[in-house]
Amino acid sequence: MSPMIEVEALEKRFGATRALRGVDLVGEEARVLALLGPNGAGKTTLVRILTTLLRPDAGRARVAGHDVVADAAALRSAIGLAGQYAAVDELLTGRENLELVGLWYHLPRAVYRRRAQELLERFSLAETGDRLVRGYSGGMRRRLDVAASLVAQPEVLFLDEPTTGLDPRTRNDLWAFIEELVAAGTTVLLTTQYMEEAERLAHRIVVMNAGTVAASGTVEELKEQVGGAVLSARVRDRSDLGRAAALMAEIGGGAVHTDADQQQVDLPTKGGTPVLIAAGRRFEEAGIGLDDLGIRRPSLDDVFLHLTGERVAPASPEVA
Ligand SMILES: Nc1ncnc2c1ncn2[C@@H]1O[C@H](COP(=O)(O)OP(=O)(O)OP(=O)(O)O)[C@@H](O)[C@H]1O
Ligand SMILES: [Mg+2]
């Protein structure tokens, strides 16, 4: 495997905001690298630098062997990008949008027409392909935008929050499609706020927070960092949250985390069933009613919490 994406000590400022403060990462060929992080972490800024839409202030980055500054034109011909905000032309039809990309890349007309038709079918846009994009729904635009990034069959594909706003079925279709592309040799860098998406697709995950890499590795490697398991209790009555957290702290083992919205208290633990049983008894003695008590393997969400002290927003993609 050779690296298709190489980033070294990359920095970018916007006025007083340090959007990237020394980012290093590597993306291997025919693999999915996921950038996971909350709002403002710097994901889009990194994608924009890697796709030559922004120039870095310091550091180096190469994609498919091309430097983002010195070889920008060659780099652009090797990549596809579906940005965070759909960049399709409202006044053209879906099909015209796709064919236009073929023109930009100087593909032969017969080739881009065939590609456009295939992609419209693939992204369930065959029936609406000849209507103006102005009348498309958000999800249709999103799909068209991803389709447009694929017209030129890029070596490296950048997808900035590709499934935000997609309904669950369409999201699953897109995941399956990304897996096929990667099996056929495409390298993918995608950004996401969804653990579920990173777990499903990514060979490697880079957790970003406030312009830096908080951690990176495979899903399993990241979970190891949290270690063991998580003892998790959901209280029936919100007013018991504080007492539940104190009780968990007495059990000990790690830092207690309280999630007020979920009415849940979590504790990293190395113990198994005996800890669970002991905890159950203590909650009962304290008269704290629970809706749920269990031990679970750490999720990526726990990893993120452990690394950054905050949860990544929604637990699973929201339907817009
Ligand atoms: N063009 C810009 N001008 C000024 N500040 C910017 C600009 N682009 C990004 N920023 C700032 O840089 C930081 C990183 O933003 P970025 O868009 O890269 O985050 P992100 O991880 O993509 O977040 P999100 O999940 O919300 O898309 C933020 O503080 C943002 O406000
Ligand atoms: Mg972004």
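This is a predicted model: local features need pLDDT of at least 70, side-chain atom pairs count only at pLDDT 80 or more; totals for chains, interfaces and linings use all residues.
## A buried residue in a loop

With 20 C-beta neighbours inside 10 Å, Val 133 counts as buried. Val 133 sits in a loop, the one that runs between helices α4 (109-122) and α5 (138-148).

Which residues does Val 133 touch, once its neighbours within four places in sequence are left aside? Its contacts are Val 88, Asp 89, Glu 90, Leu 92, Thr 93, Gly 94, Asn 97, Arg 141 and Leu 144. Take Leu 92 from that list: Val 133 and Leu 92 are 41 residues apart in sequence, yet their C-alpha atoms are 6.1 Å apart in space.

## The whole chain

Now step back and look at the chain as a whole. There are eleven helices and 14 strands in it. The C-alpha trace spans about 75 × 45 × 40 Å along its principal axes, and 42% of the 320 residues count as buried. If you take the contacts between residues at least 6 apart in sequence, 67% of them join residues at least 24 apart.

The chain is divided into two parts: domain 1 covers residues 3-218, and domain 2 covers residues 228-297. How far apart do the C-alpha centres of domain 1 and domain 2 lie? The distance between these centres is 40 Å.

## Two nonpolar cores

The largest nonpolar core has 71 residues. Within this core, the residues that touch the most other members are Ala 34, Leu 50, Val 151 and Ala 198. Val 151 makes a handy example to follow on screen. Leaving aside its neighbours within four places in sequence, Val 151 is in contact with Leu 98, Val 101, Gly 102, Tyr 112, Arg 115, Ala 116 and Leu 119.

There is also a second, separate core, made of twelve residues. Among them are Leu 231, Ala 233, Leu 247 and Phe 283.

## A strand covered on both faces

Next, find strand β7, residues 156-160. Why is this strand described as largely enclosed by the rest of the structure? Five of its five residues are buried, so the rest of the structure largely encloses β7.

In a regular strand, the side chains alternate between the two faces of the sheet. You can follow this pattern along β7: Val 156, Phe 158 and Asp 160 lie on one side, Leu 157 and Leu 159 lie on the other, and all are buried. Strand β6 (residues 79-82) pairs with β7 in the parallel sense over four bridges, and Gly 80 has Leu 157 as its bridge partner. Strand β8 (residues 187-192) also pairs with β7 in the parallel sense, over five bridges. Here Val 156 stands opposite Thr 187.

## An antiparallel sheet and its hairpin

Another sheet is open and contains four strands, in the order β2-β1-β4-β5, with antiparallel pairing. Its edge strands are β2 and β5 (66-67), each of which pairs on one side only.

Strand β1 (residues 3-14) pairs with β2 over nine bridges in the antiparallel sense, and Val 7 stands opposite Leu 25 of β2. Together β1 and β2 form a hairpin with two residues between them. In the turn, Gly 15 has a positive phi of about 55°.

## Around ligand 1

Which residues come nearest to ligand 1? Of the 13 residues around it, the nearest are Phe 14, Ala 19, Lys 43, Thr 44 and Thr 45. Two elements give two or more residues to this shell, namely β2 (17-28) and α1 (43-50). Helix α1 gives the most, with three residues.

Sorted by class, the shell around ligand 1 has three nonpolar, nine polar and one charged residues.

## A helix toward the end of the numbering

Finally, look at helix α11, residues 300-308. Its buried residues are Leu 300, Asp 302, Val 303, Phe 304, Leu 305 and His 306. What covers them includes helices α7 (195-201) and α8 (219-226), along with strands β9 (204-209), β11 (229-235) and β12 (257-259).

Definitions and conventions
Residues are numbered from 1 along each chain as its sequence is written. Chains are lettered from A and ligands numbered from 1 in the order in which they are written. Two residues are in contact if their C-beta atoms, placed from the backbone, lie within 7 Å. A nonpolar core is a set of buried Ala, Val, Leu, Ile, Met, Phe, Trp, Tyr and Cys residues joined through C-beta atoms within 7 Å. A residue is near a molecule or strand if its C-beta atom, placed from the backbone, lies within 6 Å of it. Ala, Val, Leu, Ile, Met, Phe, Trp, Tyr, Cys and Pro count as nonpolar, Asp, Glu, Lys and Arg as charged, and the others, Gly among them, as polar. Domain bounds come from an automatic or database domain assignment. Two strands pair if DSSP finds at least two bridges between them.
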